[in-house]
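User: I would like to learn how to read the main features of a protein model, one at a time. Could you take me through this one, giving the general idea before each case?

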Amino acid sequence: MSNSILVVGGGFSGITAALEAAELGYEVYIVEKSPFLGGRVAQLNKYFPKLCPPSCGLEIQFQRIKKNPNVKFFTQATVESVAGEAGDFTVTLSIAPRGTAPSSADLGALAESLEGEVKDEFNFGLSTRKPLYMDTPFGFPNRYVLEKDNLSKADKLKIGSSVHCDMNEAEKSVVLNVGSIVLATGWKPYDVTNLTNLGAGQIKNCVSNMQLERLASPNGPTDGKILRPTDGKAPKKIAFVQCAGSRDQNHLNFCSYICCMASLKQALYVREQYPDAEVTIYYIDLRTPGRYDKFMRKATADEMIHLVKGKVAGVEADAASGDVIVEVEDAVKGTKKKVRHDMVVLATGMQPSLSGEKNPFGVQLDEDGFVIGGEAKGIFAAGCATKPLDVMRTAQSGTSAALKAIQTVRGR
């Protein structure tokens with residue numbers, strides 16, 4: 001039997017669950033598949049409810065992790081198998097090589113000297129990066145990642161002469177014995193390339209809401225300036241298309257809860273940067289629950305932010321100008337028209353990360369991939385593994401899961 005707790009996922013809910021349990025004296029392991037903790041929040045420019053930059057909330061959490069000997073974490077790690085029962089699980093992890101020494105050495109100069117460039121997934125393909133990298137300046141662990149397979153011959157020579165890098169590091173396996181498991185596996189943006197009628201993946205000036213977060217972020221590909229991907233120009237007329245793939249039986253059946261709020265927030269990003277810019281939000285229904293209603297009223301009080309109730313049927317590009325033409329039906333006026341914009345943002349939905357992925361935990365998932373079972377087995381879901389949530393409710397969910405996990409190991 002074990003009193004240790006495994007938390008799968010190092011995003012906001014996972015970190016919260018881990019710290020809550022660790023600060024009550026329990027040994028906790030965090031398993032994160034990416035090289036850094038922080039999850040989706042780390043990719044945002046600002047998040048609700050206070051519109052803080054992600055470093056504000058995450059750096060506090062990272063300090064708590066560093067100071068607590070009860071928390072141990074594995075990055076670039078995936079769960080290969082889970083055996084046993086509540087109180088006595090055997091979990092096997094696979095850990096990919098990081099390729100750099102376990103220190104806080106600043107390898108920025110070495111990284112910049114490399115000639116190789118790869119697509120930057122952290123920026124959702126809006127830029128490239130070096131094969132030796134950190135996602136953000138506040139990345140945790142504060143340790144570069146080396147992708148040896150993306151090094152050129154000349155780059156390999158440079159890396160080989162560095163005492164801080166190791167191209168021969170191999171993948172390893174770790175076996176943990178834990179008493180309970182928290183699944184904080186989070187969410188992934190719905191694949192916009194499926195939304196062909198909305199130009200996603202084809203029209204460069206038609207971006208997703210998460211891509212816009214990266215454009216607005218000071219550590220993003222444009223240093224925080226919202227610019228058109230094709231020509232780097234400032235957009236003067238920008239549209240937001242709500243429910244892009246959500247509430248659609250051909251894509252995501254459910255409402256992703258935060259998309260309306262995200263678009264209102266991003267409309268303010270645009271207006272703050274460009275006082276003369278005009279923003280139009282095309283929506284089916286606006287969902288701004290509880291305390292967010294006040295924020296909606298603030299955003300819509302801006303005379304340059306327009307709300308149009310109507311379904312967008314299609315999006316096409318003007319090849320000559322790079323403009324994006326939106327075909328929309330105005331449900332209030334009963335008219336159908338085509339409107340030209342400099343740029344379009346698709347409010348794509350939140351898909352659970354376990355959707356379409358392997359499920360070594362043996363928990364039940366619903367048809368959309370959200371966790372709906374497992375508690376009787378000593379496995380508890382948190383955050384967006386259960387349903388779409390905002391950051392605050394994600395943290396609350398992490399606390400709840402931690403308490404259930406503690407009850408499981410205490411009762412054994």
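**Reading the model**

Analyst: Let us start with a helix: all 8 of the 8 residues of helix H5 (residues 209-216) are buried, so H5 is largely enclosed by the rest of the structure. Buried means under 20% relative accessible area, exposed means over 50%, and partly exposed lies in between, with a 1.4 Å probe and protein chains only. Helices (H or I, at least four residues) and strands (E, at least two) are DSSP runs numbered from the N terminus. This is a predicted model, in which local features need pLDDT of at least 70 and side-chain atom pairs count only at pLDDT 80 or more, while totals for chains, interfaces and linings use all residues. Residues are numbered from 1 along each chain as its sequence is written, and side-chain values use heavy atoms, with hydrogens and water left out.

User: Which elements do the buried residues of H5 pack against?

Analyst: Contact means heavy atoms within 4.5 Å. The buried residues of H5, among them Met210, Leu212 and Glu213, pack against strand S12 (187-189), S13, S14, H6 and S19.

User: How do I read the sheet, and in what order do its strands lie?

Analyst: Two strands pair if DSSP finds at least two bridges between them. Here 7 strands form an open sheet with mixed pairing, in the order S13-S19-S14-S15-S16-S17-S18. Its edge strands are S13 (206-208) and S18 (335-341), each of which pairs on one side only. From one strand to the next the twist averages 40 degrees, where axes are lines fitted to C-alpha atoms, for helices over the stretch in contact, and angles run from 0 to 180 degrees between N-to-C directions. Helix H6 (residues 259-273) packs on this sheet, touching S14, S15 (278-283), S16 (305-317) and S19, and its direction makes about 170 degrees with that of S14. Within the sheet, S14 (residues 237-244) and S19 (residues 343-348) run parallel and are joined by 5 bridges, with Ala244 standing opposite Thr348 in S19.

User: How should I read a hairpin, for instance that of S4 and S5?

Analyst: In a regular strand the side chains alternate between the two faces of the sheet. Strands S4 (residues 77-85) and S5 (residues 88-95) pair in the antiparallel sense over 8 bridges, and Val79 stands opposite Leu93 in S5. The hairpin has 2 residues between the strands, and Gly87 takes a positive phi near 95 degrees.

User: How many disulfides are there?

Analyst: A disulfide is a covalent bond between the sulfur atoms of two cysteines. The rule applied here asks for a pair of cysteine sulfur atoms within 2.5 Å, and by this rule the count comes to 0. The sulfur of Cys260 is 6.0 Å from the closest cysteine sulfur, in Cys243, which is too far for a bond. Cys384 is likewise in no disulfide, as the nearest cysteine sulfur, that of Cys259, is 11 Å away. Cys260 counts as buried at 8% relative accessibility, and Cys384 is buried with a relative accessible area of 6%.
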